[in-house]
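Biologist: I have a structure open and want to learn how to read it. Where do we begin?

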Amino acid sequence: MLNINGITVRLGGRTILDRASAALPPKSRVGLIGRNGAGKSTLMKVMIGQLEPDDGEIEMPRKTRIGYIAQEAPSGVTTPIEAVLGADTERAALLEESETCEDPDRLGEVYERLMAIDAYTAPARAAGILVGLGFDEEMQNRPLDSYSGGWKMRVALASLLFSEPDLLLLDEPSNHLDLEATLWLENFLKAYPAMMVVISHERDLLNNVVDTILHLEGGKVTMYTGGYDSFEQQRAERAAQLAAAKASQDAQRAKLQDYIARNSARASTAKQAQSRAKMLAKMQPIAALAEDPTLSFDFPSPDELKPPLVTLDMAAVGYTEDKPILRRLNLRLDPDDRIALLGRNGNGKTTLARLLAAQLAPMEGGMTASGKMRVGYFTQYQVEELDGDDTPLEHMTRMMSGKTPAAVRGQLGRFGFSGQKATTKVGKLSGGERARLALALITRDAPHMLILDEPTNHLDVDAREALVQALNAYEGAVVVVSHDRHMIELTADRLVLVDNGTATEFTGSLEDYTDLILGKNQPKPDGTKGGKKDKKTAAQDREKAQALRKAAQDAEAVTIKLTAEQSALDKAMFDPSTAEPALSKLPMSELMKRRADVAEKLEAAEAKWLEASEALEQAAV
């Protein structure tokens with residue numbers, strides 16, 4: 001059991017957590033979610049004792065072993081396998097004692113404990129975790145200092161998983177992982193035997209791993225059972241209930257105010273007016289669910305170019321002339337192509353992306369590209385290199401030199417930077433906002449092809465969904481590298497596997513690829529489990545999916561509205577004192593007639609919503 005009891009945290013004069021409370025059952029698997037800046041990492045730091053709350057406390061059983069990745073990545077001449085094995089401090093201490101202990105009785109106890117904690121299989125378990133996170137045997141035995149920061153963080157994650165704490169705390173664990181390692185991690189966490197709290201914006205992980213959602217908003221936490229999809233449904237229902245309750249209370253408040261205004265001056269009714277004034281003063285306002293700020297991703301559509309945009313013919317590419325990273329590249333991209341590049345980090349996905357973006361020239365073979373083609377290339381480096389002292393307006397003005405101020409502000413507005421947001425220092429923007437700005441900058445000239453390398457890393461779930469919608473509406477070609485399966489499934493028509501020094505079409509589906517990575521149900525060589533769709537069919541499928549999504553969203557909106565109407569009618573029928581003024585004056589027969597009409601419409605709307613949702617699910621399959 002982990003109890004969050006009235007936690008309040010104020011940082012820099014701002015209240016981040018405001019009497020947040022929740023009771024988490026033993027061995028629960030919790031997804032901690034919320035918009036960027038909502039305070040998720042702050043709450044996790046309170047859990048591990050890294051941050052002292054201004055008020056409240058975290059309550060958990062004594063001697064609970066808490067596991068959390070430190071901010072500092074491991075380094076030095078230690079190898080990954082040594083670092084992971086060293087994470088089990090009890091095993092390391094017992095092994096050291098076994099070599100020096102001279103007391104036979106104590107030595108027996110040491111060996112007995114080593115057997116109890118399965119110490120002798122530890123090297124195999126540690127190696128298995130490292131392999132899952134992308135380290136082959138050679139990589140496991142190289143010094144940590146030979147790795148980049150991202151790979152070092154993988155070692156830190158492997159060490160944490162190997163130590164098997166009683167409470168596993170993970171803050172965006174897939175941020176430094178590729179798709180393949182993300183799939184392995186999700187599979188590992190499904191079988192994790194103890195309690196965990198995971199901060200994540202990965203919809204698939206939140207659906208497949210966790211059984212409880214802890215939603216952080218406005219400094220408060222609200223607990224929902226189930227995964228992310230269940231949370232969305234429950235939240236929509238709660239929003240409808242709150243909207244109905246707020247409408248009812250607003251009507252009651254207006255009625256009281258009207259009575260007070262009309263009767264305060266009369267001696268005969270002044271007492272009653274005073275009583276109602278007290279009632280009004282004590283009435284706690286019901287707040288509807290806060291609406292998130294508008295998330296804008298609106299890619300400008302390019303002028304039309306004849307296909308193909310790019311053709312690779314037995315091309316080779318790399319960074320040194322005598323050592324190409326990729327060879328025998330045969331690939332054609334047309335204006336309506338949607339391609340996802342698959343393959344482990346280090347296999348050459350970024351190299352291929354840079355070749356397509358004309359940042360690298362082919363060493364061998366041929367590459368033909370339309371002379372008028374414009375490319376928008378997004379990488380995490382662009383986000384990190386934005387000048388924190390400049391504003392979005394200053395950044396865009398420089399990039400759109402010669403364009404009118406209206407054109408500059410128009411491009412910023414496409415991505416949600418209007419008004420004051422356009423003149424806010426970049427250093428004060430969230431990671432998601434900086435990513436949005438980088439996307440605005442690379443699409444300023446309406447590119448014919450977007451190449452996006454891990455575009456979702458800094459985006460929360462809502463922002464990712466907005467990005468998916470924008471990509472599906474975009475009229476150019478898309479090449480994406482991402483560990484976010486949800487985004488790949490909804491935006492990509494073709495899968496290209498970068499592996500073994502080349503890139504080839506993957507003839508199966510993303511589900512087939514997932515099974516392949518996890519070592520089961522491998523697709524047949526003839527691709528009978530799935531295949532590449534032709535361009536026209538792929539475009540039709542995208543259009544159909546968009547229509548189905550809109551139909552589902554429209555039906556959901558109607559359902560919520562009708563649910564609120566039904567609730568208001570119920571109040572008028574069964575609790576007239578709290579009913580809306582317009583309804584409270586109606587006779588019971590009219591209320592019953594309206595209630596029956598709304599119930600009929602609601603049943604039809606719910607059926608339509610279910611039908612559209614099932615059709616959308618089938619289309620995704």
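Biologist: How far apart are the mean positions of the positive and negative charges of the protein chain?

Modeller: Start with the counting rule: Lys and Arg are positive, Asp and Glu negative, with His and the chain ends not counted. Each charge is placed at NZ of Lys, CZ of Arg, CG of Asp or CD of Glu. Here, 75 positive and 91 negative charges have mean positions 8 Å apart. Keep in mind that this is a predicted model, where local features need pLDDT of at least 70, side-chain atom pairs count only at pLDDT 80 or more, and totals for chains, interfaces and linings use all residues. Residues are numbered from 1 along each chain as its sequence is written, and side-chain values use heavy atoms, leaving out hydrogens and water.

Biologist: What percentage of the residues is buried?

Modeller: Buried means under 20% relative accessible area (1.4 Å probe, protein chains only). Of the 621 residues in the protein chain, 45% are buried.

Biologist: Which residues touch the most other members of the largest nonpolar core?

Modeller: In soluble globular proteins, nonpolar side chains tend to be buried together. A nonpolar core joins buried Ala, Val, Leu, Ile, Met, Phe, Trp, Tyr and Cys residues through side-chain atoms within 4.5 Å. The largest has 46 residues, and Phe297, Phe299 and Leu439 touch the most other members. Helix α16 (residues 431–442) gives the most, seven residues; helices are DSSP runs of H or I, at least four residues, numbered from the N terminus. Another core, of 44 residues, lies apart from it and includes Leu85 and Tyr228.

Biologist: What does Leu439 touch?

Modeller: Contact means heavy atoms within 4.5 Å. Leaving aside residues up to four places away in sequence, Leu439 touches Phe297, Phe299, Phe378, Phe415, Leu452 and Leu467.

Key
Buried < 20%, exposed > 50% of the residue type's maximum accessible area, 1.4 Å probe, protein only. Helix = DSSP H or I, 4+ residues; strand = E, 2+ residues; numbered from the N terminus.
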